[in-house]
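Q: Could you take a close look at the ligand site here and walk me through what lines it and what holds things in place around it?

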Amino acid sequence: MYDISKFEIKNEPIILGIESSCDETACAVLRGRKILSDRIISSASEQARYGGVVPEIASRMHTEAVDEVCRLALADAGLSPRDVDCVAATYGAGLLGALLVGLSFAKAFAFALNVPFIAVNHIRGHISAAYLDKPDLKPPFITLLASGGHTAILRTKTFTEFDVLAATSDDAAGEAFDKCARVLGLPYPGGPSVQRLAAQGSPVIKLPSALVKNSERLRFSYSGLKTAVLNTVHNARQRGEQLNFADLAASFQCAAIDPLVKKTVELAKKCGIGTVTAGGGVVANDYLRETLSAACRREGLTLVLPEKRYCTDNAAMIASEGLNRYMAGDFSALDVNAAAAIPL
Ligand code: KG4
Ligand code: ZN
């Protein structure tokens with residue numbers, strides 16, 4: 001009988017994390033916060049042929065990869081399934097069919113071993129990537145979250161609670177990078193392609209900032225910026241003018257990232273919080289990493305910046321968030337379902 005009220009909480013547990021919300025099938029094994037292994041099988045190159053993620057292909061590839069990726073992660077860690085104390089898996093947000101693969105596998109794994117199962121919110125996973133970089137990190141801290149689905153500045157109050165201080169009212173920053181890449185004819189995934197092109201240009205083209213001015217609440221908007229990039233390309237084409245795409249990419253990158261960095265630092269100062277962290281795929285962007293590092297240094301803030309591979313989707317961050325919940329005894333029942341959207 002699987003009874004979540006009966007599980008004991010161990011110190012330094014072995015946590016197996018599984019992530020399958022989009023096009024990465026990932027499994028990581030942690031002992032406490034220490035990463036013992038971290039494997040990713042990505043369908044990105046297959047998806048690139050279609051210019052974006054095709055949900056059906058993602059689900060099929062997760063089904064083919066999930067067993068293998070977990071075997072590899074356990075083997076890398078030198079452990080067997082019986083050594084695992086807890087299984088954590090993403091239940092949302094993401095592609096429903098993709099989520100179901102990792103979630104169902106994780107539930108079956110936990111049930112078979114009779115160990116606690118923890119259903120993890122992907123976004124909380126991105127926040128918890130910071131603990132991997134600095135295992136003794138303790139809340140409170142301010143987090144800049146910028147991924148393909150979410151863009152926000154959060155105040156993490158405890159290991160399990162946070163406030164949203166600012167968020168986007170339409171597209172996410174990563175989504176804007178992906179759309180900008182498409183307009184510029186760059187390959188999927190868009191973020192790294194735009195970054196590469198931007199490195200060859202200068203931010204000399206005027207574009208609207210992602211910061212919404214004259215708003216009661218602090219908020220961001222990426223739809224106007226995306227349209228401005230599209231209009232700039234169309235107008236140049238109509239006038240028969242030669243447009244420097246590298247300059248446009250660099251200008252877009254600044255317009256998208258500068259306000260995020262500026263407001264993150266301002267909010268940390270305003271809240272009297274001395275530590276800033278960041279997470280989500282866009283935080284793999286070199287310009288963001290450099291400008292955020294410089295701004296924190298200038299303001300005397302401590303910055304905890306996860307390695308790039310722990311900013312984009314991975315399972316170590318899911319296991320790290322699983323550890324926060326495990327230590328709080330906050331286990332999930334096995335009837336938890338996948339959710340395509342979860343409010344921040
Ligand atoms: O966190 P993530 O891997 O998946 C989601 O949870 O959405 O973020 C993916 C997003 C994509 O939109 C991708 O274009 C963006 O992160 N991204 C980047 C970079 N690497 C990934 N954006 C800008 N610069 C990058 N180097
Ligand atoms: Zn993500």
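A: Sorted by class, the shell around ligand 1 comes out as 12 polar, 5 nonpolar and 3 charged residues. Keep in mind that this is a predicted model. Of the 20 residues around ligand 1, the ones that come nearest are His 126, Gly 148, Asp 178, Gln 195 and Gly 281.

Now for the polar contacts. Gln 195 has a side-chain N or O atom 2.9 Å from a nitrogen atom of ligand 1. Asn 285 puts a polar side-chain atom 3.0 Å from a nitrogen atom of the ligand. With Gly 149 it's the backbone: one of its polar backbone atoms is 3.4 Å from an oxygen atom of ligand 1. On its own, ligand 1 has 550 Å² of accessible area, and the protein covers 85% of that.

As for where this is, ligand 1 sits in the largest pocket. Helices H4 (122-133), H5 (173-183) and H6 (190-198) are the elements that each give two or more residues to the shell, and H5 gives the most, with 4.

The zinc ion (ligand 2) is coordinated by NE2 of His 122, NE2 of His 126 and OD of Asp 313, at 2.0 to 2.1 Å. Along the chain, those donors follow the spacing H-x3-H-x186-D. His 126 is in helix H4 while Asp 313 is in the loop between strand E11 (302-304) and helix H10 (316-327), so this pair ties together parts 187 residues apart in sequence.

Note on methods. Residues are numbered from 1 along each chain as its sequence is written. Chains are lettered from A and ligands numbered from 1 in the order in which they are written. This is a predicted model: local features need pLDDT of at least 70, side-chain atom pairs count only at pLDDT 80 or more; totals for chains, interfaces and linings use all residues. Side-chain values use heavy atoms; hydrogens and water are left out. A residue is near a molecule or strand if one of its heavy atoms lies within 4 Å of it. A polar contact is a pair of N or O atoms within 3.5 Å; within protein, one must be able to donate a hydrogen and the other to accept it, and residues adjacent in sequence count only if both atoms are side-chain atoms. Accessible areas come from the Shrake-Rupley method with a 1.4 Å probe; for residues, only the protein chains shown count as cover. On a 1 Å grid over the protein atoms alone, a cavity is a set of points where a 1.4 Å probe fits but cannot get out, and a pocket is an open set with protein on both sides within 12 Å along at least five of seven lines; lining residues have an atom within 4 Å of a point. A molecule sits in a cavity or pocket if more than half of its atoms lie within 2 Å of its grid points. Ala, Val, Leu, Ile, Met, Phe, Trp, Tyr, Cys and Pro count as nonpolar, Asp, Glu, Lys and Arg as charged, and the others, Gly among them, as polar. Donors are N, O and S atoms within 2.8 Å of the metal (3.2 Å for Na, K and Ca); water is not among the atoms, so sites may look incomplete.
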